[in-house]
Amino acid sequence: MAIRSKTFRESYYEDIKLFQTIWIRVWISLFLILLATLPLWGNPYVIYLINLSCIAVVAALGLNLLIGYTGQISLGHAAFIAIGAYTTAILSSKVGLPFWACLLASGGVTAIVGLGLGIPCLRLKGLYLAMATMSFSVVVEFVIITWDKLTGGVRGINVSKVSIFGVLLDSDNKMYYFLIGLTILTVLAIKNLVRTRVGRAFIAIRDRDIAAEVIGVNVTGYKVMAFTISSFFAGIAGAMYSYTMGYIHPEHFTLLLSVQYLAMIIVGGLGTILGSIFGAVFIVLVPELIKAIARASEVLIPALKGKYDEEWNIAAFGLLIMIFLVFEAEGLYGIWGRIKTSFKNWPFTY
Amino acid sequence: MKSGLLFFIQIFASGIAVGCLYALIALGFVLIIKATDILNFAHGEVIMISSLLCYFLMAKYHFSFLPAVLTTIVIAALLGVLTERVVLRPMLGEPIFAVVMITIGLSIFLRSMAGILFGHDNYVFPSPFPKEPIHLAGVTLSLTQIWVMICTALLVIIFFIFFKYSRMGLAMRGTANNQETALLMGISTKRVFAMVWGIAFVTAAIAGIFLANVMVVNIGLTFTAISAFPAIILGGLESIPGAIIGGLAIGVIENLTGGYLDQMIGGGVKDVTPFVVLFLILMFKPYGLFGKKEIERV
């Protein structure tokens, strides 16, 4: 076999293959082995952070499908996560359904709500969806607080633990496998969706909606479909969140959470799957990073002691969104790509 | 029957007063949309910051009301110009999609900065208007409400004259119509954009100061901007008269449903009504009252 200098693709099939080269297979297998054995030797706090990242990855993938692939801005992702989370909480603790039924119900209910919201907003071009979803998240918060017979209102609601085939998932380590499994399924689902006609239609709408319409893509239909699918995954992420936390409260799902998800996909890279994963993990780690910096600076400058505030995390999300959009529009994925190419082409520059 | 009619007029009048506030907020949004095609998601933060700023100037630094208002307005205008220069200028020529997201980033950044600077407490604004209500033919209105109406009307007239007769106003309309042609005609679009952001932030500051008079001053004031979305959409996104009429209409509808339905269903209907209206508009009259339906030829 000839030496590969760049990527040579000889057919369309090769271009959309799930695993482009044998090396990707190898690396992914190694990574999966690492993930599978992590609870055996990893720090419990690391496991907890990975659990949070898994939830974030699922929701961020859903949002990236809508924003990154289809080019429609939604500011109501937190509201959809809330709907999913509350569906699971109510069905598991009040009705006592098993976990798989709760998961499907969460995804389903959220997708139906998304469909209902998407149809009026997505017929039009422009920012109507952004405005409508922002308002929608206010309404959802209001409904959750007011309908306290069902949702527990401001007192919050407890969620029963998951039990799979009689095994009760009562620790972070056990939850870990459950969450990782769901995350891998989601990644595969989205990756495959993007490779199909539907995924290409989404990208066509993002890049040139009129041209897409001309070549026979039903623009409104596909936009609504993207929004519904994105809501579905938000619902699944909500269910995962419910199960992981064991207790949910309307305060967990404010507009700030939506912006946090926006930060994830912008920082990670719009319209890329690997980017969503990078971004989700990165944003989950940002508060830890800031706490570490705050602690370090307290040691250096005693005057800063006790100045650490949750607000700094939020400011960091806003700042990250702006910085990445201005200086690195491709996000962490772009940086990763550049590093990879420079290694691949070494000792040549490009 | 007589009292029923009076009740209606009373609710209607206070609805107009609330609507004036919505109209002021919507005006700020529409100015920016009209000139630059950007929906500024950081508008609510400007409202919140200016009301907090005005409060602190009066409570902490013992400004009297008018100097505090003027200082706030000047700072808001500077903030607007600065925002345009630092945040929006680098995004010139980028897709609108990215520019809008940058305003979302900006909004969250400003909100947390306000949280750090001003704290999360609730403040009561030392209102300069006397508390006693005024009775006009059986309708009771507070002085604040009357001042809101007067100021909104004045601002609308000023804007009308500004856009119609002044050179800068003409330049702004030209830029809104077609940026490239405006450039060819020797209009400095950069200066126009900076001006637009400055003016929009000033309207936000005025709205913020009036809101401070009728509401508790805290970080949560940002959400008032979200309730102006229905007004903008009803007005058709880029029409200034649309924003005013949309704002008034939403204010009246909100108060009417609050006045009549709250007794039947229970509290809170008032807060959700604008959003229900928003969805209804999107369903049945998506381009609003004054919006033009864009026809694209390929």
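Is the crossing of helix 14 of chain A and helix 4 of chain B left-handed or right-handed? Hold that thought for a moment.

First, some ground rules. This is a predicted model, where local features need pLDDT of at least 70 and side-chain atom pairs count only at pLDDT 80 or more, while totals for chains, interfaces and linings use all residues. Residues are numbered from 1 along each chain as its sequence is written, with chains lettered from A and ligands numbered from 1 in the order in which they are written.

Okay, the two chains. 34 residues of chain A are in contact with 33 residues of chain B (in contact means C-beta atoms, placed from the backbone, within 7 Å). On the chain A side, we've got 27 nonpolar, four polar and three charged residues. Here Ala, Val, Leu, Ile, Met, Phe, Trp, Tyr, Cys and Pro count as nonpolar, Asp, Glu, Lys and Arg as charged, and the others, Gly among them, as polar.

Now our helix pair. Helices are DSSP runs of H or I, at least four residues, numbered from the N terminus. Helix 14 of chain A and helix 4 of chain B (residues 96-118) pack at about 155°, axes 8 Å apart. Axes are lines fitted to C-alpha atoms over the stretch in contact, and angles run from 0 to 180 degrees between N-to-C directions. The two helices are therefore roughly antiparallel, meaning an angle over 145 degrees. And the crossing? It's left-handed: the near helix is turned anticlockwise from the far one by less than a right angle. Residues making this contact include A:F317 and A:M322 from helix 14 of chain A, and B:L106 and B:F109 from helix 4 of chain B.

Key
Contact = placed C-beta atoms within 7 Å. Parallel < 35°, antiparallel > 145°, perpendicular 65-115°, else oblique.
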